[in-house]
Amino acid sequence: MPRPVILTVDDDPGVSRAVARDLRREYGEYHRIVRADSGEAALEALRDLALRGEQVAVMLADQRMPRMTGVEFLERAMDIFPRARRVLLTAYADTEAAITAINVVDLDHYLLKPWDPPEEKLYPVVDQLLEAWRRAPDRPTTETRIVGHRWSARSYELRDLLARNQVPFRFHLAEDPEGHRLLEAAGLDGARLPVVVTGEGRALVDPTDAEVAQEAGLATHAVEQLYDLAVVGGGPGGLGAAVYGGSEGLRTVLVESVATGGQAGTSSRIENYLGFPDGVSGAQLTDRARRQAVKFGVEILTTRTVTGLASRGGVRVLTFDDGSEIAAHAVVLATGVSYRTLEVPGLTELAGLGVYYGAATTEAPSCTGETVYVVGGANSAGQAAMNFSRYAERVVMLVRGPSLQASMSQYLIEQIEAVESIEVRTCTEVVGAAGDEHLEKLTLRDRNTGDEQVVDAQWLFVFIGAEPRTDWLDGVVARDDRGFVLSGPDLPPAPDSRGPSGWEPDRDPFHLETSLPGVFAVGDVRGGSVKRVASAVGEGAMAVSLVHRWLENR
Ligand SMILES: Cc1cc2nc3c(=O)[nH]c(=O)nc-3n(C[C@H](O)[C@H](O)[C@H](O)COP(=O)(O)OP(=O)(O)OC[C@H]3O[C@@H](n4cnc5c(N)ncnc54)[C@H](O)[C@@H]3O)c2cc1C
């Protein structure tokens with residue numbers, strides 16, 4: 001953490017140097033002395049420090065500066081660092097101004113120049129002010145900060161992106177003092193939000209995911225043109241393939257469109273993964289896997305979506321959403337599934353504004369003391385209800401079926417029954433939603449009686465199953481009628497061939513191999529997969545051994 005700053009501003013270069021020298025001699029070990037020669041330059045320096053999340057402990061300003069007086073400077077500086085202690089440096093003739101300033105800028109002290117010796121006249125004052133500041137300092141931060149509106153879908157997306165990529169950040173409402181100060185420091189009026197302030201103090205106005213990822217130190221561009229193995233999707237399946245690929249010496253790249261972890265990364269507690277008898281949060285599990293992959297030299301690209309796959313000159317070529325390409329000798333498709341959306345009047349416009357698909361774990365603390373509605377009766381909905389019950393006053397599960405028994409694991413049903421604040425409303429569906437800037441009302445229908453009820457609601461989390469997003473693979477690899485990728489023995493055989501239509505090798509397709517030789521499918525995206533973390537990881541590992549066979553026998 002950088003040392004807290006003592007800032008001094010004086011337009012006379014000789015005096016300015018002397019003040020800084022005296023301060024540095026006494027406080028240089030624990031404080032950074034920043035010197036400016038005008039009020040404007042000092043304000044600029046303060047804005048920079050604020051954007052970088054640094055602390056300013058004491059500001060000393062000369063009163064008699066030509067364009068901006070010391071009092072004027074301190075008045076404006078207070079907006080940026082309200083807790084920094086303020087000292088005015090004056091000549092005898094200015095004592096009147098200094099005394100007035102005690103009220104105007106809540107001045108802590110004024111010092112008459114010159115002050116020789118500093119041991120008697122300067123240090124005791126600064127010591128006292130530093131002591132007072134230490135009791136109530138600004139909080140330093142090197143974290144990324146997001147300034148936005150409470151109910152803004154884009155602010156939510158950015159928070160989710162950073163949280164799921166394990167990038168520490170703070171969120172400030174634009175109308176809160178800290179948000180206001182950050183905007184002021186960045187010279188912005190807040191007309192365009194969200195604003196992301198990086199750890200290094202750069203302010204990005206309404207940035208793209210890729211810009212934020214890059215600033216947060218996540219790789220977004222491939223280093224090489226050609227890899228042994230390219231893995232598409234960074235959920236458990238993709239991470240499994242990447243870890244084994246990297247550890248077995250394959251030059252491996254993993255491409256992930258949002259954040260490594262996939263669905264598993266959003267699970268608050270995975271209870272059935274081998275080796276974790278007390279359960280493990282999905283974020284923890286997948287963060288370890290990501291670090292393991294990096295340790296084995298895997299290149300991980302985040303916020304990059306693969307939109308095309310083709311076979312060209314003996315290699316497989318992946319195209320990204322910006323049109324750029326990479327090539328690989330083998331590809332593992334691990335793109336999993338995405339939440340199905342709830343098609344109900346009024347709901348589409350409120351996505352991200354109180355209506356969320358999936359666990360949206362970043363939002364859980366915001367629900368403190370409020371009522372949360374969870375739609376769905378499967379394990380993912382149950383886990384979310386348990387997680388939200390730690391924060392919300394009341395969690396209402398809306399389940400279409402007559403009970404949870406058919407769709408949820410018994411251990412979760414028992415956990416839910418034991419939590420008083422969770423209410424399970426069976427035979428109930430959402431048929432309408434309304435709200436101006438965010439969700440305000442839900443219309444619920446009793447499926448037995450047809451009765452409808454309008455309830456006040458601010459939070460709705462939807463878990464109604466998922467589907468693969470594989471349109472970009474149309475005509476490239478064989479898929480079933482729901483879009484799942486077919487592989488190995490599930491591929492429909494073509495007459496006079498050992499594989500599906502267009503199959504060229506003189507062998508049967510390997511177990512996880514798709515209709516395009518050298519391209520494998522693992523995890524939830526694979527037709528017939530069992531939709532579990534363990535099986536996705538296992539298939540990822542297994543795919544790598546098949547990649548070796550493919551590479552050896554091409
Ligand atoms: C809330 C919740 C709780 C769960 N709890 C459990 C549990 O307790 N136990 C259990 O065994 N299972 C659980 N599951 C299921 C489990 O998480 C999944 O089976 C598992 O994550 C599947 O892994 P995957 O790698 O196949 O796909 P996913 O986890 O879906 O990951 C796919 C990844 O690919 C990325 N991607 C998609 N398309 C592209 C593209 N074109 N380009 C680049 N990247 C792309 C996605 O962004 C995503 O990150 C849970 C799921 C959810 C949602």
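**Exposure, backbone geometry and ligand surroundings in a predicted model**

Glutamate 343 counts as exposed, at 63% relative accessibility; exposed means over 50% relative accessible area, buried means under 20%, and partly exposed lies in between (1.4 Å probe, protein chains only). The structure is a predicted model, in which local features need pLDDT of at least 70 and side-chain atom pairs count only at pLDDT 80 or more, while totals for chains, interfaces and linings use all residues. Residues are numbered from 1 along each chain as its sequence is written, and side-chain values use heavy atoms, with hydrogens and water left out.

Glutamate 343 is located in the loop between strand 16 (338-339) and strand 17 (355-357). Helices (H or I, at least four residues) and strands (E, at least two) are DSSP runs, numbered from the N terminus. The side chain of glutamate 343 makes a polar contact of 2.8 Å with the side chain of threonine 341. Such a contact is a pair of N or O atoms within 3.5 Å; within protein, one must be able to donate a hydrogen and the other to accept it, and residues adjacent in sequence count only if both atoms are side-chain atoms. Between the C-alpha atoms of glutamate 343 and methionine 386, which are 43 residues apart along the chain, the separation is 25 Å.

The chain as a whole contains 15 helices and 26 strands. Its C-alpha trace spans about 105 × 65 × 40 Å along the principal axes, and 52% of its 554 residues count as buried. Leucine 130, in helix 6 (residues 123-135), counts as buried because its relative accessibility is 2%. Tyrosine 391, in the loop between helix 13 and strand 19 (394-398), is partly exposed, with a relative accessible area of 27%. Tyrosine 391 and serine 311 are 80 residues apart in sequence, and their C-alpha atoms are 50 Å apart in space.

Most residues other than glycine have a negative phi, and most peptide bonds are trans. The peptide bond from leucine 193 to proline 194 is cis, with omega near 0 degrees. Proline 194 belongs to the loop between helix 8 (177-185) and strand 8 (195-197). Aspartate 496 has a positive phi, near 60 degrees, although the residue is not glycine. This aspartate 496 lies in the loop between strand 25 (466-467) and strand 26 (519-521) and is exposed, with a relative accessible area of 85%. Lysine 531, also a residue other than glycine, has a positive phi of about 60 degrees. Lysine 531 occurs in the loop between strand 26 and helix 15 (533-553), and a relative accessible area of 35% makes it partly exposed.

The surroundings of the ligand were then examined. The ligand is surrounded by 36 residues, of which the closest are Gly237, Glu256, Gln263, Tyr339 and Asp524; a residue is near a molecule or strand if one of its heavy atoms lies within 4 Å of it. Helix 10 (236-247), helix 11 (262-265), helix 13 and helix 15 each supply at least two residues of this shell. By class, the shell divides into 13 nonpolar, 17 polar and 6 charged residues, where Ala, Val, Leu, Ile, Met, Phe, Trp, Tyr, Cys and Pro count as nonpolar, Asp, Glu, Lys and Arg as charged, and the others, Gly among them, as polar. An oxygen atom of the ligand is 2.6 Å from an N or O atom in the side chain of glutamate 256.
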